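Subject: Structure handover

Hi,

Here is the structure we talked about. Please open it next to this email; my notes follow below.

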Amino acid sequence: MKTTTSLKQAVLGVIADDFTGATDVAGMLVQAGMDTLLTIGVPEVGAALDADAVVVALKSRTVAPAEAVRDSLAALDRLRAAGCRRYYFKVCSTFDSTPRGNIGPVAQALMAALNADFAIACPAFPENGRSVYCGHLFVGDLLLSDSGMRHHPLTPMTDANLVRWLQAQTALQVGLLRQDAVAAGVDAVTSRIAALRTANVRIAIADAIDNADLRTLGAACADLPLLIAGSGLALGLPAAYVARGWMLPDAQAARLPAVGGHAAVLSGSCSTASNAQVAHWLQSGRPALPIDALQLAAGAPVAAQALAWAEARLAQGPVLVYATAGADAVKAAQQQLGVERAGALVEDCLAEIAAGLHERGVRRLVVAGGETSGAVVQALRVQRLRVGAPIDPGVPWTQAEGRPLLLALKSGNFGSIDFFAKALASVQ
Ligand code: ADP
């Protein structure tokens, strides 16, 4: 929350490839004392961006690569106009992408626009079980390719070797900044980066297995024009910027107002964590309604039925509407409808339900799923968010700027098993 009326000079401009990724990184920055503004989509030309960090939330993770590049460059343009000193391309902590992109093409375009000859790419977020070692991404104890991410509806991650995975997406040479150098500290990282540059490496996958590694990388790489990372790397950046005299920490950065009204949860994520969270909500006997992609395709009035169901229950407490399903059910729907159509039908329906719930007095809304969150905020016509403290690592409450509406936008993989009830309890 701002304490002065004068415009701040933004230090960091973040371009996030999905909405929950944007709130995730914004929460990290806020927690470390950066007053952070999140804009949904590219801000208008000339819009005042009054914060230490400005995060632009795009929906570019799974669109065509050319569209992702165009939107990312437009975001960069506005952030540059706002005078940001450094830039951050926020990608998923499970490096969600396919051989065609979009991490590689967007990173390459941003580097070219910034005249950056070197960048690191580091999706690690050890507090959330994402660690990178010898260029391989682990989810908890499992290689990425053995985790539930291999079944992701849109970006199935079938190779844990991120050097190889990213190299398939870009003509720039990809290399590895190994953990032994990171563990040895800032000077070791700096000299390793010099060696990688000499070897013509343009993007190095950076290992990190704990927060100390992330802080070292933040301190060693804060001067690079562009960082490509999950939210974890943001942890050490505010301190690096304060050390450089670029900003002062803001103790009030995380404060959000209390908001009354009804509460609800919408889940369009089929990730392992979301399946467990939905199952936990069901087991605790709370009201929940499933929606089905095949019924949507058959033209059933699913959204209207869900809203009638919810309306009868909202006064008694929060309700959950979910499309979340196991890998077999998702595959069956995708085989009949196609991956994109199944996803779009579900997203559109949940977005319509979100708008209807808002009309019926819902003012605290938890949404599970990155793409799903993108569809929901668009339906609610939210353009800017002020960001609060994380509920669980990676998921903060946010407030639609100037409106009595709180949103917790959860990346599918994040949150403890009781996340939905926990999030709502924290803003009662
Ligand atoms: P996550 O954050 O877990 O990746 P997303 O919302 O980003 O979640 O992506 C999940 C995608 O799967 C969305 O496009 C959503 O509409 C789609 N989806 C959700 N439920 C189903 C289902 N039962 N069948 C097919 N697709 C689904």
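Which residue has a polar backbone atom 2.9 Å from an oxygen atom of the ligand? Gly 343 is one answer. Before you go further, note that this is a predicted model.

Ligand contacts

Gly 370 also places a polar backbone atom 2.9 Å from a ligand oxygen. For Glu 371, a polar backbone atom lies 2.7 Å from an oxygen of the ligand. How much of the ligand does the protein cover? On its own, the ligand has 580 Å² of accessible area, and the protein covers 95% of that.

The site

The ligand sits in the largest pocket. Around the ligand there are 19 residues. The closest are His 152, Ser 269, Ser 271, Glu 347 and Thr 372.

What is the make-up of this shell by class? It has 8 nonpolar, 9 polar and 2 charged residues.

Of the elements, α13 gives the most, with 4 residues.

Which domains does the shell draw on? Domain 1 (12-243) and domain 2 (262-425) each provide at least three of its residues.

Backbone points

Two spots in loops deserve a look. Most residues other than glycine have a negative phi, and most peptide bonds are trans.

- Gly 101 to Asn 102: this peptide bond is cis, with omega near 10°. Asn 102 is in the loop between β4 (86-90) and α3 (103-114).
- Cys 134: phi is positive, at about 50°, although this residue is not a glycine. Its place is the loop between β6 (130-133) and β7 (136-139).

Best wishes

Definitions and conventions: Residues numbered from 1 in each chain as written. Predicted model: local features only at pLDDT ≥ 70, side-chain atom pairs only at ≥ 80, totals over all residues. Heavy atoms only, no water. Near = heavy atom within 4 Å. Polar contact = N/O pair within 3.5 Å; in protein donor to acceptor, adjacent residues only side chain to side chain. Areas by Shrake-Rupley, 256 points an atom, 1.4 Å probe, with all protein chains shown as cover. 1 Å grid on protein atoms, 1.4 Å probe; cavity = no way out; pocket = protein on both sides within 12 Å on 5 of 7 lines; lining within 4 Å. Sits in = over half its atoms within 2 Å of the grid points. Nonpolar A, V, L, I, M, F, W, Y, C, P; charged D, E, K, R; others polar. Domains from an automatic or database assignment.
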